[in-house]
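Try each task before reading its solution.

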Amino acid sequence: AEAGMAVVRKIPPKMYARLSEGRLKSIVSHPDNQMVTRAWEEATGSPADPDEVAEGFYDPDNGTVVVNGADPAGVFAHEIGHALDWSQAGPGGYFQLSTTDDWKGIWRAELVRGRLTNYANTDPTEGLAEFARLVYADPNGTQMAQRYFPRAYAFFTKYGLV
């Protein structure tokens, strides 16, 4: 709970409205990766890729963030990044911010090739979530983001995410 509150305190108040539009309805914490993996399989009805779901996941269908106990602040911040990115508009919803040409260009220029994390290299959506992890979970994340990832930070500023 303390880790989650530390993350929540770094999210701008106007983003709470975005989260409360059905993007975030509940947070579930499990003590280990195996339980997170089982929760994924129950939620989706499909086998989990342990490399992708072991620490946590965001289920946009029911607005739930599921995390493990290993890095609760980091995983929570990453999954909150997905929740902030998610749009309920259209059939089935979609990731709204990370699929823009603007973010894709920023992701390629600043975040890939291990500049942020190896997982950020996966795709622009994971890059946005990993950037949210830096900004919201790291005590010095805002300063580091401004210094090392100025375009990504400007994007977050433009959309009110910081």
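A residue counts as buried when its relative accessible area is under 20%, as exposed when that area is over 50%, and as partly exposed in between. Please keep in mind that the model is a predicted one.

**Exercise 1. Classify Tyr136 as buried or exposed, and find its surroundings.**

Step 1. Begin with the location: Tyr136 sits in helix 7.

Step 2. Apply the cut-off. Tyr136 has a relative accessibility of 1%, so it is buried.

Step 3. Look for partners beyond four places in sequence. Tyr136 touches Ala6, Val7, Lys10, Ile11, Pro12, Ala77, Leu84, Phe156 and Leu161.

Step 4. A polar atom of the Tyr136 side chain is 2.5 Å from the backbone oxygen of Leu161.

**Exercise 2. Find the salt bridges and say which residues they join into one network.**

Step 1. With a cut-off of 4 Å between a side-chain nitrogen of Lys or Arg and a carboxyl oxygen of Asp or Glu, the model has three salt bridges.

Step 2. Take Arg133 and Glu130, whose N and O atoms are 2.9 Å apart. The two residues are three apart in helix 7, so about one helical turn separates them. Glu130 has a relative accessible area of 5%, which means that it is buried.

Step 3. Now pair Arg133 with Glu55, where the closest N and O atoms lie 3.6 Å apart. This bridge links distant parts of the chain, 78 residues apart: Arg133 belongs to helix 7, and Glu55 to the loop between helix 4 and strand 2. Glu55 is partly exposed, at 39%.

Step 4. Finish with Asp102 and Lys158, which meet at 3.8 Å, N to O. Asp102 is in helix 6 and Lys158 in helix 9, 56 residues apart. Asp102 is partly exposed at 37%, while Lys158 is exposed at 59%.

**Exercise 3. Describe the largest pocket and its lining.**

Step 1. Give the volume: the largest pocket holds about 470 Å³ of space.

Step 2. Locate the centre. The lining has 27 residues, and Glu52, Gly56, Phe57, Tyr119 and Glu126 are the closest to the centre.

Step 3. Sort the lining by class: 13 residues are nonpolar, four are polar and 10 are charged.

Technical notes: Residues are numbered from 1 along each chain as its sequence is written. This is a predicted model: local features need pLDDT of at least 70, side-chain atom pairs count only at pLDDT 80 or more; totals for chains, interfaces and linings use all residues. Side-chain values use heavy atoms; hydrogens and water are left out. On a 1 Å grid over the protein atoms alone, a cavity is a set of points where a 1.4 Å probe fits but cannot get out, and a pocket is an open set with protein on both sides within 12 Å along at least five of seven lines; lining residues have an atom within 4 Å of a point. Grid points are joined across faces, edges and corners, and a volume is the space filled by probe spheres set on the points. Ala, Val, Leu, Ile, Met, Phe, Trp, Tyr, Cys and Pro count as nonpolar, Asp, Glu, Lys and Arg as charged, and the others, Gly among them, as polar. Helices (H or I, at least four residues) and strands (E, at least two) are DSSP runs, numbered from the N terminus. Buried means under 20% relative accessible area, exposed over 50%, partly exposed in between (1.4 Å probe, protein chains only). Contact means heavy atoms within 4.5 Å. A polar contact is a pair of N or O atoms within 3.5 Å; within protein, one must be able to donate a hydrogen and the other to accept it, and residues adjacent in sequence count only if both atoms are side-chain atoms.
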